[in-house]
Amino acid sequence: MKALNYLRADTIDSALQYLDEFKQDIRIIAGGTDLVVRLKQDMVKENNILDISRIKELNGIFRENGTIHVLPLTTHTDILESEVIDKYAFILREACATIGSPQIRNRGTLGGNIVNASPAGDSISALFVQTAKLKLKSINGERVVSIEEFFTGPGKTILKPNELLVDIFMPELEENETGFFKKLGQRDALAISVLNVAVKMRRRGAGTNTFDRAVVAFGAVAPTVVRGRRVENAIISSSLDSSKQIHYIARLAFREVSPISDIRASLKYRQDMSINLLYEGLLDLRANDWKRKT
Amino acid sequence: MVQTMDISFALNGKEYKLSVPANAVLLDIIRDKMHLTGTKEGCGRGECGACTILFNGRSVNACLILAPQADGAEIVTVEGADVERKLLSIQKAFVEEGAIQCGFCTPGMIMSSLYLLNKNPNPSISEIREGISGNLCRCTGYVKIIKAVERASKDIGK
Ligand SMILES: Cc1cc2nc3c(=O)[nH]c(=O)nc-3n(C[C@H](O)[C@H](O)[C@H](O)COP(=O)(O)OP(=O)(O)OC[C@H]3O[C@@H](n4cnc5c(N)ncnc54)[C@H](O)[C@@H]3O)c2cc1C
Ligand code: FES
Ligand code: FES
């Protein structure tokens, strides 16, 4: 690892000061599960490393007026252990449960997963369908952006060098909302997504197979996580009565994704599997009277 | 010039003050500075679990923690039976079940098992499998390791 200048901030204000002072030559470290791997591969150009892992104001989960806030230093394990998340953000929970290993989940943070901006970042597709918003703060002020606006390419975001991600928040899932996160990896544990899919749907009423809202997102099938709008429209405009109908809808996934072939899978396999994962997820939900799996 | 940082931490119940290079990882400090070589380096990138330790009560990969980040931390390694009594029962169970072949994965396996049993004293087989899912073993095929964790959970419960 190259020589580094280590800096530590214990408050948001002091972090923003450092970010502003060192502008183009500073990189944040939270859990370090992405950054340390990159540092070891000499893939980090910045020389100043700003440790934010002790900033108490950036850690915690809370509800406020129908919105659930998951602050960026929350680890994947914190998410899995939270009753609030289990109740009101279970799609995010399902996603974080698939990340890495216990050790990685104990150290890796939600903020790090987002800012790392991997198209295969598992929390991201879940945050897409839970319509999360991000609050970015710099010494000059703050702005709120939707999770979809945040990413511009693999590893690329609109975050400015002097900005810190300070809050991640989303509407609480309601009683009549259902959904899932599904991931295909090369094995069960310690596997980066070959692809993943997240779905949230609002049911028109008990006993029906119809939905008046649907959000679908696919991960690892394009340069960023993408929405599946054709699938969403098809879910809203039809009735998911039969497995045949569900398969018809799932097949639209084929048109939403623009995957690449890489070491983990070929283009064709990713296209086929995006259909299959969506089909399987919807079938499982239907078999459970559209209730989330527990 | 490599920047050094003055830090302090509790390692296996004892307080230490030391100076560490800013670009070292905690694993190097534990092995090379503290001379506790039970914790192993396999992959160096979070994939094998040979470097697993408890860091503020949670299992982590010591190869992915920047040394200065350990300032103020409570750290337990496989040598830490003084502070984590369960370690003795787990180590004994690994020996009795023949869960050790070359032994390279063993310290990490034991630390993951400790973390699991601290959280969940009576894990099911599938919970044990999940609990050690961040640890690779090239020798045993895992069956005996899972049996050892099961045995340890029974021994500790007695
Ligand atoms: C073995 C292994 C397995 C993994 N498996 C998975 C997996 O299955 N799924 C998955 O999605 N990921 C996986 N990861 C990736 C990683 O663990 C996660 O992305 C994790 O959530 C990153 O969080 P962190 O706190 O460790 O990030 P860090 O490494 O600390 O930071 C990552 C990036 O985010 C920036 N950053 C962090 N916090 C902020 C903030 N608040 N504001 C601004 N910038 C910030 C950093 O500058 C850095 O660029 C894996 C990693 C390893 C090593
Ligand atoms: S050496 Fe740390 S996980 Fe392999
Ligand atoms: S005993 Fe050899 S790697 Fe596990």
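## A salt bridge between the chains

In this predicted model, the side chains of B:Glu130 and A:Arg105 meet in a salt bridge, with N to O at 2.5 Å. A salt bridge here is a side-chain nitrogen of Lys or Arg within 4 Å of a carboxyl oxygen of Asp or Glu. The count between chain B and chain A is 5 salt bridges.

## Where the chains touch

Chain B brings 35 residues to the contact and chain A brings 33, with contact taken as heavy atoms within 4.5 Å. On the side of chain B that touches chain A, strand 4 (58–61) gives the largest share, 4 residues. Helices (H or I, at least four residues) and strands (E, at least two) are DSSP runs, numbered from the N terminus.

## Helix 1 of chain B

Now for a look inside chain B. In helix 1 (residues 26–33), B:Leu26, B:Leu27, B:Ile29 and B:Ile30 are buried, that is, under 20% relative accessible area with a 1.4 Å probe, protein chains only. Why do the buried residues of helix 1 of chain B line one face of the helix? Seen down the helix axis, they fall within an arc of 165°, so they line one face; the arc is that of the directions from the axis to the C-beta atoms. These buried residues pack against strand 1 (4–11), strand 2 (14–21), strand 3 and strand 5 (74–76) of chain B.

## Reading the numbers

Residues are numbered from 1 along each chain as its sequence is written, and chains are lettered from A in the order in which they are written. Local features need pLDDT of at least 70, side-chain atom pairs count only at pLDDT 80 or more, and totals for chains, interfaces and linings use all residues, while side-chain values use heavy atoms, leaving out hydrogens and water.

Notes: Buried < 20%, exposed > 50% of the residue type's maximum accessible area, 1.4 Å probe, protein only.
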